[in-house]
Each structure stands twice: as C-alpha cells, then as structure tokens.
Amino acid sequence: MKKRWNIQQPNENEVAALQEALKINPVLCKILVQRNIKTFNEAKDFFRPQLQHIHSPWLMKDMQNATDRILRAFENKERILVFGDYDVDGTTSVALLYRFLKTQHNLVDFYIPHRYREGYGVSKAGIDHAKENGCTLIIALDCGIKSVDLVAYANTLRIDFVICDHHLPDEIIPQAVAILNPKQKDCPYPYKELCGCGVGYKLVTALCEKLGLPSGFPYQYLDLVATAIAADIVPITGENRILAYYGLETVNRLPNTGIKALAFLSETRFPLYIHNLVFMIAPRVNAAGRMDDARKAVQLFVAATYEEALSYAELLHSDNSERKEADSSITEEALKLIVQNSEWRSRKSTVVYQPHWHKGVVGIVASRLIEHHYRPTVVLTESGDYVAGSARSVPGFNLYEAIHACREYLIGYGGHFAAAGLTLNKANIELFREKFEEVVASSIPEELLVPEILIDAEITFPEITPAFYGIVRQMEPFGPGNMTPVFIARNVTDSGFSRIVKENHLRFVVQQKGIQLTGIGFNMASKFPLLQSRQPFDLVFKIEENEWQGQKNLQLKVEDIRPSEEY
C-alpha cells in the first residue's frame, strides 16, 4: 500500500536556540521542538521526570467531597463496592482502588459488569448487587459520567455514588456525591488527559494525605497506572508521562504479581517497556472481557501470591488465544467478502456483516481490515434480535459524525472521533451500508484514504551512533504525543546483501556516506526489486537495538522506501 510521507518542519530558530542550550545533535533538537520542548528547563523536565511535579489531587473538582464521603464510610463501617469497566483501564482502576481500600477498611468488594449481559458502564445489575450485599457507597471508575438515570436509581435505594471518570461529560451530569473528572468544564485540574486509572490514583493520593500515610505510599500502585496509560492510548505527555515513567520503574523493580505472571506466560523478558504493556499485558486483560468475564482480570491484579496470580493469568492467556483465533478467522472471512464484491473495493468505506462472527472481536477485525483496505470500516454481527458492531476510522476522519449522520437506520450508537459502536435492525443493514458510503464519500478528503507516515527528521548514517541512540532512548516512554522518532535517510544504496526472509519480510544491508547498517522491513518483500535495481533510494525507519549472542548492535526498523528523486 502506497504511503504519504509527511516530513515535519520545526521552527529553525527554535531548533538553533535549543541546540545552543543543550549542545546535542541538531536532529534531536528538531524532534524535541516538535514535541513542544523548546528550552533547557523544559528539556530537563522531559529527560528527568520528577514525581513531585505531578499536580495536587486537591485541584480536582469534588476531591474534598469524594474523600470526605469515603472516610465517613470507613468511620461508619459501611460496605463499599468498587465498580469499573471491563477493559484494561477499568480493571486496573478497580484493582488499584480495591487494593488500597483493603489496607484501611475490610468491608470492600468489587464488581465488573459482564460485557454482553450488562453492556458498558454502570449497570442496573451492578447497583442491585450493591443493594443485595448491603453496600451504601459505590465508587465507579473509568465510567459513570453519562449514567444519569442509573445514579438516580441508586439514590432511591440510598446508595451514594463517587464517580472517577475521564470521558467527556454531557450537559447533564449524574447526581453523585462527587464526580472526579478533569474534563468537566468547571474542573480547574490543569492536566486533562488522565486515564480512568490515573483519576483513581489521584483519589488514592488524596486519601493518603487525609489518613496521614507516607507520601510514597501510593507509588506501589504506579505499575497499574502505567499499564492503563499504555493500553488506553492516552497521550504520554505531561503528568501521564511522569506516571508512566515511574510506573515502568515499578514494573521492573517490584512488579504486581499479575503483571509478572502475564510476562512469564507470554515469554516476555524483563525489563519491560511501554510497548510490552501495550502488546503483551493489554490484549490478555482485554481478552477476558471480550471472550468471557473480566472479573478474573481484577482477581489477577489483586492476587496475594504469584501462584494465585499465575492461575488467573493462565485463564486470561487462554482467553487471548481464543480471541486471536477468532479475530484471525473473521478477518480472513471479511477480506474474502471484500474481494468477492468488486464494487466494494472502489468504495470510500467498508461495511461487512456475518451473523456468526464473535461480537467480542469485531472492533479488532475492523482495525485489521483497515490495514489491508484503508477505509473507514464497520464490522457487524448478530446480537440477540438485533445486529451490533464496531467501527474504526482512518486518522483524520471523524467517524462518530459519519455514523451520527446515518442515525435514521440505527437503534443506538456511541463513540468518538476514531471509534464507535452501533446497533441496528437486520432489515436496515443494506440501507445503512449505502447511507454510510454516501456520507463518507461526500466528506472524506482523498489524501486521508492513503496511509500517512509522520517523519520527525532527516538523518545521515554517520550520525546513527550508540550515543545518539542513548539520547533517543531517554525520550521514552513513547506513545501518543511522544511517539518513537521516525527518520529519513536520503540517497541510500543497497550493499548487494539484502534479501527476502520468511517469504514476506526484507532483510536490509544498506549503506550511505561510507557507513553500512542492517535493518528489517516487515511485509516489504514487494520492495525488493527496488533494492536489486542498485539505484539510490530514500529510506524511512526507526532505530532499534538488536541483541544477538550477547552482542548489541543498532539496526533499522524500516517503515518505507522509495526511489531517490535526485541521483
């Protein structure tokens, strides 16, 4: 698939000023300026994050009300129910708060709604469970901001709610005792991008202050916060970057037994990096809710011993294997449907449906289809008497608005710019498909139908040294808002030793300015003729470290190549 190259162009004067202050390679200064780091002090804070730089929890609206109500529950020996969503952010949030509350108060339980029986967020079944078990306070994490009617229902049962959420509030908010959400219009909290577990962590830090606990007491939970930040794809900037940085330190120094067990089962060696949390921990935790019941994900994170954690990790590992099998076979079936319908291939959108597809993986399948067929995509399956599905967008296109424009054919829908869920009657599938195509075709710019590679800076091979890479590594943890740097090197030539490996991958051995480097390009075998032509080409890549037989060497992770415009 042809890709658009977008080479970033930072302000040259700002780059020069930063280079004068830092005395490091100007290429690194270009990357920093693009990340809004323009002074010596900003660079110092970026490269040396400090936990004391995180904001006071008391800046968050309703924090006083939230802590007062929880401490009153301690005093009155009330039963507390910790309630959370079934994804990674929700289950880590619940595990974090549950573990903390148990250090102070015995009368605590947790509840995770069943994805298919109860759906997303606060559920009536969860509130009824609280009532039946004598709970008078529910603390909702990573959900609740839209649960106006359900919180009102809980109030009739004399059950109070404290809501810790990070999703965008509607105009009307629930009548809870306290709502902790930095995205509330009147919340003065300076950093707005916390995940649900991050909001839960702020509540714990405030409670620790009230209870006179040591300031470092909450740090033991930072591994769970880092896992949630990684999995929930929130920006790794500002406060999130500090929390993720120290969370990874906790992961590698004294990890939660659940993280340790999942690392063992997935054969991932320590030290762990943010990408290990994204690709090793997150899919296994999410698989619990997708394929079965996510309660065991919390049980994994609150397990008292490694052996107990391992028993839950094995269940999650099994769910994940089942999930991988399901999404692989469904993706294959969906791609065949697209190939068989030649008219669909020329469309600006993709809508596919089969009644037997597993509801828990349709979102993943939509993302997989975009990798092959780069279009806003909806994957539908049967759900009881209705059809339900998930939609994913291409970067830059507002998927939620497009689905909103098709609402006449929908029973329900929700989501945001890049992803959405929807429900409709079976009779409306074709009508929805046509309307969705009409909306997308009339509003999507052509360039958004071509994948884009954001390139941070041009570099030459002689500049790629262990010292240079050492500074790049200090920019971690990487993620949205601070992605792994992508470089371009121009007029590169092949050494003659590049080859195709494992059928579809390219092993590069390339040279420029007298320096030879090796690299790997996944699924790039089709580019081999360009190397064989021996003509110069431009190479887009990330730099990584490869370890082989105890030796560490720098190599290139190649993203794309194209012929050099000037020979």
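**View 1. An exposed glutamate in a helix of the predicted model.** At 51% relative accessibility, Glu438 counts as exposed, and in this predicted model the residue has its place in helix H18, which covers residues 429–443. Although Glu438 and Lys348 are 90 residues apart along the chain, their C-alpha atoms are separated by 8.8 Å.

**View 2. An open sheet of parallel strands.** Five strands form this open sheet, and, read across the sheet, their order is S3-S2-S4-S5-S6, with parallel pairing. Strand S3 (108–111) and strand S6 (178–180) stand at the edges, and because each has a single partner strand, one side of each is left without a neighbour in the sheet. On average, neighbouring strands of this sheet are turned by 20° against each other, when direction is ignored. Within the sheet, strand S2 (residues 79–84) runs parallel to strand S4 (residues 135–141), and the two are joined by six bridges. One place to look for this pairing is Ile80, which stands opposite Leu137 in S4.

**View 3. Two nonpolar cores.** The largest nonpolar core has 82 residues, and of these Leu101, Ile139 and Leu203 touch the most other members. Which residues does Leu203 touch, if those up to four places away in sequence are not counted? The contacts of Leu203 are Met63, Ala66, Thr67, Ile70, Leu97, Ile139, Cys164 and Leu180.

View 4. A disulfide is a covalent bond between the sulfur atoms of two cysteines, and the structure holds zero of them.

**View 5. Strand S16 and its antiparallel partners.** Strand S16 (residues 505–512) is mostly covered, as six of its eight residues are buried. Strand S14 (residues 487–494) runs antiparallel to S16 and is joined to it by two bridges, and here Asp494 stands opposite Val510 in S16. Strand S15 (residues 499–501) also pairs with S16 in the antiparallel sense, over three bridges, and the bridge partner of Val501 in S16 is His505. A further partner is strand S17 (residues 515–521), which runs antiparallel to S16 and is joined to it by seven bridges; in this pair, Arg507 stands opposite Ile520 in S17.

**View 6. The turns of two hairpins.** S15 and S16 form a hairpin with three residues between them, and in its turn Lys502 has a positive phi of about 50°. The hairpin of S16 and S17 has two residues between the strands, and Lys513 in that turn has a positive phi of about 50°.

Methods:
Residues are numbered from 1 along each chain as its sequence is written. This is a predicted model: local features need pLDDT of at least 70, side-chain atom pairs count only at pLDDT 80 or more; totals for chains, interfaces and linings use all residues. Side-chain values use heavy atoms; hydrogens and water are left out. A disulfide is a pair of cysteine sulfur atoms within 2.5 Å. Two strands pair if DSSP finds at least two bridges between them. Helices (H or I, at least four residues) and strands (E, at least two) are DSSP runs, numbered from the N terminus. Axes are lines fitted to C-alpha atoms, for helices over the stretch in contact, and angles run from 0 to 180 degrees between N-to-C directions. Buried means under 20% relative accessible area, exposed over 50%, partly exposed in between (1.4 Å probe, protein chains only). A nonpolar core is a set of buried Ala, Val, Leu, Ile, Met, Phe, Trp, Tyr and Cys residues joined through side-chain atoms within 4.5 Å. Contact means heavy atoms within 4.5 Å.
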